[in-house]
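Colleague: I am new to this structure and would like to learn how to read its features one at a time. Could you begin with the general idea each time, and then turn to the case at hand?

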Amino acid sequence: IATLMFIISNADNVLNSKDSRKSIELMTSIFEIANIVIQKVPSFTQTFEPLASLFCGQISHVPKDKAYLPLLKIALKFFHFTTNTRMLNFDELLSLEKGINNICGDEPDEEVAEILIDLFLNENEINKPSLVYLYLQSFLHSKKLDDCFLKLINLCSLNLENCFSLHDGEIDLLILKYIDNWRINNEISLPILRHSLQLIEIISSHICSYEIVRKFISLLCPLEGKYFPYYNSQIISSLLLLSLKHSHFPKAFAFPLIDDGQINATVQITNSYFSFFFWILPVSNLYKHKNVLKLAENEIALSFNIYGNLLIFSASSNDFKMNYDIDPKLPIGKWSLISCIFTDDGFFSIYLNTDKVASLNIQRFLFKKQLNVTINVTNTVHDKRKLFPLFGPFAILNSLDKVNIARLYRFGNSRIQVLNNNNNVIAGFVPTISNGSKFSIENLNSVQFHTNL
């Protein structure tokens, strides 16, 4: 390591030496050794940080020569490790961007694209948004730019927390800057424009700022005071869609499944063959655990847990346990209705929306007199999330059939009163968030659900 660091510290301007071939081979070897060492001993990452600054300082001055491409790729893989402890500053990003443009021209290859994506992405979570800037800038004049926008749209659709990351990294502002330049030079295709606007829409639907609004509205201003760009109608349509989504703040019949927001109740039952349902909205496909609902009596417990958008049913009684994965996975960013029926032949039927997805024999898990209901069981390990899954109306019923399940699903998560007749509801509640912040519970009958929110 000491010998390697001596070479690095005395390698000033090595990429611009007269014997470029040997210089490229030397730097490539150094990065290969560094990557191997860091993978085997991560604590050495900080030791190699000077190599990052050295490379960024020199790469912007290399000539337009694809002979540098193997070095570039191995160096980008090196940044995958070092940016976990030290993020590149803006000047280093600009130098790296210029070096990529010099070496790859307007069309970096697929391997470079995958390495750049790997720099900012970890299991579908964008955790280094400033490196998304490098990704987009590297493909700004490429035919693959549309694929870049589609990739980011997909990442936001799979994990809505990515919207917050892209906003924090000002990627939405960067895209609006692109659109402003395109309307002036009139050189962008409609598919790329539509997808860039679609990405702005999905980000701004979850988080926005005054600067984003101001910049978006400025796109509607005529050029030179009298001309509109040929795609002005596309911008108007996007603005209209955003305005319709945020024109008012109605009650949201939901509450976020935050770490410390339990809801509890004790419910008396007279029959083991009852039914219940709840609404849920996942926000990510990342494998993060949340105990959504637990019904318990003495040693018997039934639970629904969510891992990203995978819902898992579990049952336990003393030393006997069972688990069942609900298939298909729940759609992200959309409400799903989960309905469950204890049948008198000892089976437990689970419905996702209107489709039966499980029929399980749970004779040994039948409740008798009293249910201890816990919704959003407190996590002992807290996640640093910006966005949480949502839990909607919940009810325990004397009976539930396919017809009423279809009615529940058709009316949505704000109209469960359609079932509150003939004393069918044993217990239940509707959570509401008014004006974006005020939380309350509306109990469906005399059984009281309590929360620490």
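Modeller: Let us start with burial: a residue is called buried under 20% relative accessible area, exposed over 50%, and partly exposed in between, with a 1.4 Å probe and protein chains only. Please keep in mind that this is a predicted model, in which local features need pLDDT of at least 70 and side-chain atom pairs count only at pLDDT 80 or more, while totals for chains, interfaces and linings use all residues. Residues are numbered from 1 along each chain as its sequence is written, and side-chain values use heavy atoms, with hydrogens and water left out.

Colleague: Is Ser165 buried or exposed, and which residues is Ser165 in contact with, leaving aside its neighbours within four places in sequence?

Modeller: Ser165 has 13% relative accessibility and therefore counts as buried. Helices (H or I, at least four residues) and strands (E, at least two) are DSSP runs, numbered from the N terminus, and Ser165 is found in helix α9, residues 161-168. Contact means heavy atoms within 4.5 Å, and, with neighbours up to four places away in sequence set aside, Ser165 is in contact with Ile126 and Pro129.

Colleague: Which residues of α3 are buried?

Modeller: They are Glu49, Leu51, Ala52, Leu54, Phe55, Cys56, Gln58 and Ile59. Because eight of the 11 residues of α3 are buried, this helix is largely enclosed by the rest of the structure. For the protein chain of 453 residues, 53% count as buried.

Colleague: What does Asp65 touch, not counting residues up to four places away in sequence?

Modeller: Asp65, which lies in the loop between α3 (49-59) and α4 (69-82), touches Asn102 and Ile103. Asp65 and Ile103 are 38 residues apart in sequence, yet their C-alpha atoms are 5.4 Å apart in space. With 32% relative accessibility, Asp65 counts as partly exposed. Across the protein chain, among contacts between residues at least 6 apart in sequence, 70% join residues at least 24 apart.

Colleague: How should I read two helices that cross, and at what angle do the axes of α10 and α12 cross?

Modeller: Axes are lines fitted to C-alpha atoms, for helices over the stretch in contact, and angles run from 0 to 180 degrees between N-to-C directions. The axes of α10 (residues 171-185) and α12 (residues 210-218) come within 10 Å and cross at roughly 15°. Angles under 35 degrees count as roughly parallel, over 145 as roughly antiparallel, 65 to 115 as roughly perpendicular and the rest as oblique, and α10 and α12 are therefore roughly parallel to each other. The contact is made by Asp172, Leu173, Leu176, Lys177, Asp180 and Arg183 of α10 together with Glu211, Ile212, Lys215, Phe216 and Ser218 of α12.
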